[in-house]
Structures are given as structure tokens and as C-alpha cells.
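Please keep the sequence and the 3D view open while going through the points.

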Amino acid sequence: MSYLSKVLAIVWKDVVAELRTKEMFSSMLVFALLVIVIFNFSFDLRVENIAQVAPGVLWVTFAFASTLELNRSLALEMENDCLDGLLLAPMDRSAIYFGKMLGNLIFICTIEALILPIFSVLFDLNLIQPSLLLTIFLGTVGFAGVGTLLSAIAVNTRAREVMLPVLLFPIILPVVIAATKATGGILDGLPLGDIAHWLRFLVAFDIIFLVVSYMTFDFVVQG
Amino acid sequence: MSRSFRIEDLLTWLSGLSIIVALYLVFVYAPTEATMGHVQRIFYFHVSSAWVGFLAFFVTLIAGVAYLRGGNRAWDILALSSVEIGITFTAMAVITGSIWAKATWNAWWPWQQEPRLVLVTILLLLYLSYLVLRAFVEGEERTARFAAVYGIVAFVSVPFTFMSVRWWQRLHPVIFESEGMHLAPAMLATFLFSLLAFTILYFTLLLHRRRLGKLADQVDGLKERLRTGEGG
């Protein structure tokens, strides 16, 4: 099997497992909706123009939903020693990393795709714009890239689910800042040139952290 | 063992001396700043603390990489020592920064005017996450491995955080910056000496803490031998 087909095999495994149970999906979707609604109410009470806080609310929702997904994805591997099985398979450890990362990316993007129309309705904004979709994609790659590595660490600790946000949130802060600013700029109708530096920033973050995660993943899963 | 003891002793005297000199320079030698008055003197130790915070983080990065490459426990002890000391200095930087902010803008936490305060706080949070991670992992070797990886990831994130926080408010020169450019010679000398004094202090504390770490390891080893010797 080529490297790519090994990676895709892992992605396929995750997708099929999720399609059968829809367990992660349903909980993530419900959670995301609840978060949006709660934010909608809590800000509505004090804020004049709710569109002002919309980018922030959107990205906080995505961050929380991503954390749920990342936790779940690795936790599933720990059940029945699936991860050990993967480690024994004749493939480079990095293929496991990329496989899990792509799987996480697909799941998070799918949830985001479902959240966006609902968000648009609740906040009365048009969120289905190409530049915005690009921003969301880049931000999600950032979450999934370093999140896959950190979830592999977190799932091996005593605190499990609680550990991932503790580890992840300070690291992805630049992503949240960049994505929120870019989203705000797009919703305000700024020309792409004005927010391009944020998008370039996201691309740089994504690339660098994909590389760092790929290089250190082996050390995390080896024992 | 006795050789490195001498280095630590020497450094202890050196840092004690340099801090005393630095204190003299800061409070007596350095001229009073025109607009801010005596409050400005906090600047010397504030920046030095932040500098040590970043230096300590860098040392943790190096130690982490070295550990992953060789598996030598000594690097892990160094990494942890550096984090513990770095967290202290970073906390000092945040507190002095807040005090300065209150004196300058009459706000304990001016999000708008001072993004650097946010950055140093995030550094503090990263340190805390590192320590929390270490506390919750089972097994010495595993703890060292995970901590090393997180140390690397955390350090790499710092430049990104720095840039994004800076661009966030889209502001650059603040009182702080222009002060950096227009320091009177006496102030510059005081500032540089404070940096030096704090750096020496950092290394002193680091070596002492590392020695403690090694001793703790030895104690654990002895306990283990006692236990297996008597047990059964």
C-alpha cells in the first residue's frame, strides 16, 4: 500500500465508524446549537448590535465543538486498544497522524457546514460567502492540525477530557484571533486585500503546526 | 558533584551582588522620568522579568528537544526547573505590567493600549498548562516525553501569538516603545544592567533547582531500593 492509501484507509475507518453510530456527530451538533443559543441570549441582553459579536461567538462555538470532536476521536482509539492495533500496522507513524488529522478535519468541517446556516438565521447575517468559507477552513485546519497531536497527549492523562482544552486553547489563540478578525472584516464588507494578512497568517500557522505535529507525533504514541 | 556546587555558590554570590547594584542603579542612579515620574522605575525590573520569562521558555524548548533525542533524564529535570523559575518571573512581569498600566492609563488591564500584557499572560498560561500536564500523567518517562513535546509546541506558538495580538489592535508605538528608543544614557545603562542581573539570577535559580531535582531523583531511587530490599 502506498503512503497515501494508508492515510486514506484510516480516514475511511473513522468515517465509516461514525456513519454507523452517528454518535460523535449528534452530540457535537446539539452541543454547538446550545452554545450558539446561549450566546445569542446572553449577548442579546446587553449588546446593541449583535452582529458585532457574531464573529467571536462563531469561533468560540467552533473551538468548543472541535475540542469535543478531537477528544472523542482519540478516545475511540483507546477503546479496545485500537490505537495499539494501528501502531502495530506496517505503516509510518506519521501516516496515523495524517489519517487522524484528515478524519478530524472532515468531521469538524461537516459540523461547521451544518452550524453555518443556523447561525446565519439566528444572527441575521449572510455567512455563506467564499472568503468566509476559506477562512473557516483555514482555521479548522489549524485546530485539527495541532489538536490531533494534543488530543493524543490528553487522552493518555488522568484528566482526559479536561486536559485537551487546557493544552489546546493557549496554543490556538492566534488562530482564534486571526479567524475572528478575518470573519469580522468579511462580514463588515471589507475588501479581501484588507484582511489578506490574516489569511496568510492562518496559512503559515497551519503549515508550521502540521509540520511540528507530524514530527513529534511519534514520540507521543510510542509508549 | 562538588565541582558544580562551586559554580552554584559562585553564581549565588554574583547574583546577590548584581541585584543589589541593580537596585541602587534603579532607585538612585537612574534619573527620574519626565512625564511619569518615579513610577517609571518599575520598567527596569518589569522588562527584565519578561525577558527572563521568555529565556526560560527557550531553555525549556532546548531541553525538551534534547530529551526527545537522547532520553536522558537530566534534560527533563532541566526543562522542569526552567519552567518553574520562568513561571515565577512571568508572573512578576504580569503583575508589574498591570501596576504600570494602572499608573499610566488608570486601568488595571488595558486591553486596548497594551497588547504585550496579553502576550505575557498567555505565556504564563502556557507555563501553567505545562505544569498541569506534568501533574496528570502517569509514569516518569511518559511525563518527560509529553512535557517535551508540549514544550516544543508551546514555544512555536509564541511568535504567532505575539504577531496576532500585536496586529489585533493594529497599534504599534505606545509610550513603552518610544521610551525604548529615547532612553537617556543613564537609563539605558540601568536597563541593560538590570537585564544582566536578572539573567544571572535566573541561571543561579535554575542550577539550584536542577540540583534539587537531581537530589529528589536520588531519594526516589534510594526509596525504591529500600522498598524492594525490605519488601517480600
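This is a predicted model: local features need pLDDT of at least 70, side-chain atom pairs count only at pLDDT 80 or more; totals for chains, interfaces and linings use all residues.

**Notes on a buried valine and its surroundings**

1. Where does B:Val120 sit in chain B? This residue is found in helix α4 of chain B, and, if residues up to four places away in sequence are left aside, B:Val120 touches B:Ala50, B:Gly53, B:Thr90, B:Ala93, B:Val94 and B:Gly97. For a sense of scale, B:Val120 and B:Leu68 are separated by 52 residues in sequence, and their C-alpha atoms are 27 Å apart in space.

2. The next point concerns the packing of two helices. Two packed helices are described by the angle between their axes together with the distance between those axes. For helix α3 (residues 73–105) of chain B and α4(B), the axes come within 9 Å and cross at roughly 150°, which means that α3(B) is roughly antiparallel to α4(B), since angles over 145 degrees are placed in that class. The crossing in which α3(B) passes α4(B) is left-handed.

3. Which residues make this contact between α3(B) and α4(B)? On the α3(B) side they include B:Thr90, B:Ala93, B:Val94 and B:Gly97, each of which is also listed among the residues that B:Val120 touches. On the α4(B) side, B:Val120 itself takes part, and others there include B:Leu117, B:Leu124, B:Tyr127 and B:Arg134. Sorted by class, the contact of α3(B) with α4(B) has 14 nonpolar, 5 polar and 1 charged residues.

4. Chain B also touches chain A, in a contact that takes 26 residues from chain B and 25 residues from chain A. On the side of chain B that touches chain A, α4 (115–136) and α5 (140–169) each supply at least two residues, and the largest share, 16 residues, comes from α5(B). By class, that side of chain B has 19 nonpolar, 4 polar and 3 charged residues.

5. Looking at chain B as a whole, its secondary structure comes to 7 helices and 0 strands, and its C-alpha trace spans about 75 × 40 × 25 Å along the principal axes. Buried residues make up 38% of the 232 residues in chain B. Among the contacts in chain B with a separation of 6 or more, 76% are accounted for by residues 24 or more positions apart.

6. Chain A, for its part, has a secondary structure of 8 helices and 0 strands. Its radius of gyration is 18 Å, close to the 17 Å that the globule rule gives for 223 residues, so chain A is as compact as a globular protein of that length. The C-alpha atoms of chain A fill a box of roughly 55 × 35 × 30 Å, taken along the principal axes, and buried residues make up 45% of the chain. For contacts in chain A with a separation of 6 or more, residues 24 or more positions apart account for 82%.

Definitions and conventions: Residues are numbered from 1 along each chain as its sequence is written. Chains are lettered from A and ligands numbered from 1 in the order in which they are written. Helices (H or I, at least four residues) and strands (E, at least two) are DSSP runs, numbered from the N terminus. The radius of gyration is taken over C-alpha atoms; the globule rule is 2.2 Å times the number of residues to the power 0.38. A residue is buried if 20 or more other C-beta atoms lie within 10 Å of its own, exposed if 12 or fewer, and partly exposed in between; C-beta atoms are placed from the backbone. Two residues are in contact if their C-beta atoms, placed from the backbone, lie within 7 Å. Ala, Val, Leu, Ile, Met, Phe, Trp, Tyr, Cys and Pro count as nonpolar, Asp, Glu, Lys and Arg as charged, and the others, Gly among them, as polar. Axes are lines fitted to C-alpha atoms, for helices over the stretch in contact, and angles run from 0 to 180 degrees between N-to-C directions. Angles under 35 degrees count as roughly parallel, over 145 as roughly antiparallel, 65 to 115 as roughly perpendicular and the rest as oblique. A crossing is left-handed if the near helix is turned anticlockwise from the far one by less than a right angle, and right-handed if clockwise.
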